[in-house]
Amino acid sequence: MSSLPAASDAGRELIERLAPHRERLADLAITHDREASFPFASFELLREIGWFSAPIPREYGGAECSLTDLVAAQTALAKIDMALAFSCGMHLMSVGSERSNRNWPDRLRERIFRSVVEDGALCNQVATEPDLGSPQGGGRPQTALTPDGPGRWRINGRKSFTTLAPALTWFLTYCAVEDGSGTLARVAVHRDSPGLRIEETWDVVGLRSTGSHDVWYDNVAVTDDEFLVRQDPSQAGQRHGDFAWFALLVAAASLGVAEAARDYTVEFARHRRPTGAPGPIGSIPTVRAQVGEIDLRLMSARALLDETAAAWDRLDNEQRYKLGPRVAAAKLHAGDSAVDVVDRCMRLVGGVSLHRSQPLERYYRDVRGPLHNPPITPRGLELIAADALDPLPDLDS
């Protein structure tokens, strides 16, 4: 299946620059999945073609690609290497949502954005903790930011699921401000900060090359100048701008690997001809029906994802919150459809699909990862239901 259409010339050019490197990236994907190692060479290649600066505004030297552009680009990348696309999405989400929300102090935004454009720096939101889980579930982080003199602070704590940890320049760290105010904060911690340590804990069934290790903070020093945001706990949830960039880019990675599985399976069905069979298995009615079901699910999920991203790009930032239920639906539908599609492909191809020499077994493992990214199914469905049902009528009045 062809990639989603990019909305702008810049988006189309980004996808075109990826094309000559497909074979090299595909080979690296196999190696790093087997070794559960981080694909530094893949990231260097993407850095050279401008992948990481794509969402950065033109005023800072970036391409200012739209969310629609990057959904298309990330889908194309995930067809080559889902783990790579998933990892890149965390960076693209971090800078893309800030382009929309403009929450950070101007000087710090310029410093981080310039480092992405000029030095190829990578950023990610570092929020999840072993006991807290995702901040989307509520609760106060145990990672603590304590005063250390006027304008100075120290961070102590541990974060988990820190995707891109081996290559991050900026750890955008979610902390509890322990100065009696009860507030929460995100601070920009540079990877060279003394006391910041990565513990290589990432040993999982799928998305094995994302480098999503634990990060420890041992008296890491920051100043007031490194505060990205500081807010009351009642306002600490993910803003709608962050939500859309995160959810839709995760959805793009899911659909990309499902499309790769579909393409492999279609080629298999077109050419696989068992001994004594009158033709390839693609001529068998039940196989043809399964391929039709696969394409039906992919077309449906892609249409919702594409239209949601385009709608988000059309609206101004004050109106985008209205798309919350649709964003949740796009992410859930993409993730569930992708899992279903890859499972159908495994069944259609048969025992060959279990061989590690073939890509389907990797697709089968990788596609399950985004099911655990927000919004997870119960919260996403509640958001959709709340839009339909709330406020409920007071039947006793």
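A disulfide is a pair of cysteine sulfur atoms within 2.5 Å. Keep that cut-off at hand for the first exercise.

The model is predicted, so local features need pLDDT of at least 70 and side-chain atom pairs count only at pLDDT 80 or more, while totals for chains, interfaces and linings use all residues. Residues are numbered from 1 along each chain as its sequence is written, and side-chain values use heavy atoms, with hydrogens and water left out.

**Exercise 1. Cysteines**

Find how many disulfides the structure holds, and decide whether Cys-88 is buried or exposed.

*Solution.* Start with the count: the structure holds 0 disulfides. Next, look around Cys-88: its nearest cysteine sulfur belongs to Cys-123 and is 13 Å away, and Cys-88 is in no disulfide. Then turn to accessibility, where buried means under 20% relative accessible area, exposed over 50%, and partly exposed in between (1.4 Å probe, protein chains only). Cys-88 has 0% relative accessibility and therefore counts as buried. Cys-345 is buried too, with a relative accessible area of 0%.

**Exercise 2. A pair of helices**

Describe how H1 and H4 pack, and list the residues of H1 that meet H4.

*Solution.* Two packed helices are described by the angle between their axes and the distance between the axes. Helices (H or I, at least four residues) and strands (E, at least two) are DSSP runs, numbered from the N terminus. Axes are lines fitted to C-alpha atoms, for helices over the stretch in contact, and angles run from 0 to 180 degrees between N-to-C directions.

1. The axes of H1 (residues 9-18) and H4 (residues 67-78) come within 9 Å and cross at roughly 15°.
2. H1 and H4 are therefore roughly parallel to each other (angles under 35 degrees count as roughly parallel, over 145 as roughly antiparallel, 65 to 115 as roughly perpendicular and the rest as oblique).
3. On the H1 side, Gly-11, Leu-14, Ile-15 and Leu-18 meet Asp-69, Leu-70, Ala-72, Ala-73, Ala-76 and Leu-77 of H4, where contact means heavy atoms within 4.5 Å.
4. The residues of this contact divide into 8 nonpolar, 1 polar and 1 charged (Ala, Val, Leu, Ile, Met, Phe, Trp, Tyr, Cys and Pro count as nonpolar, Asp, Glu, Lys and Arg as charged, and the others, Gly among them, as polar).

**Exercise 3. His-91**

Which residues is His-91 in contact with, leaving aside its neighbours within four places in sequence?

*Solution.* Begin by placing His-91 in helix H5. Its relative accessible area is 0%, so His-91 is buried. With neighbours within four places in sequence left aside, the contacts of His-91 are Phe-52, Val-116, Ala-121, Leu-122, Cys-123 and Leu-164.
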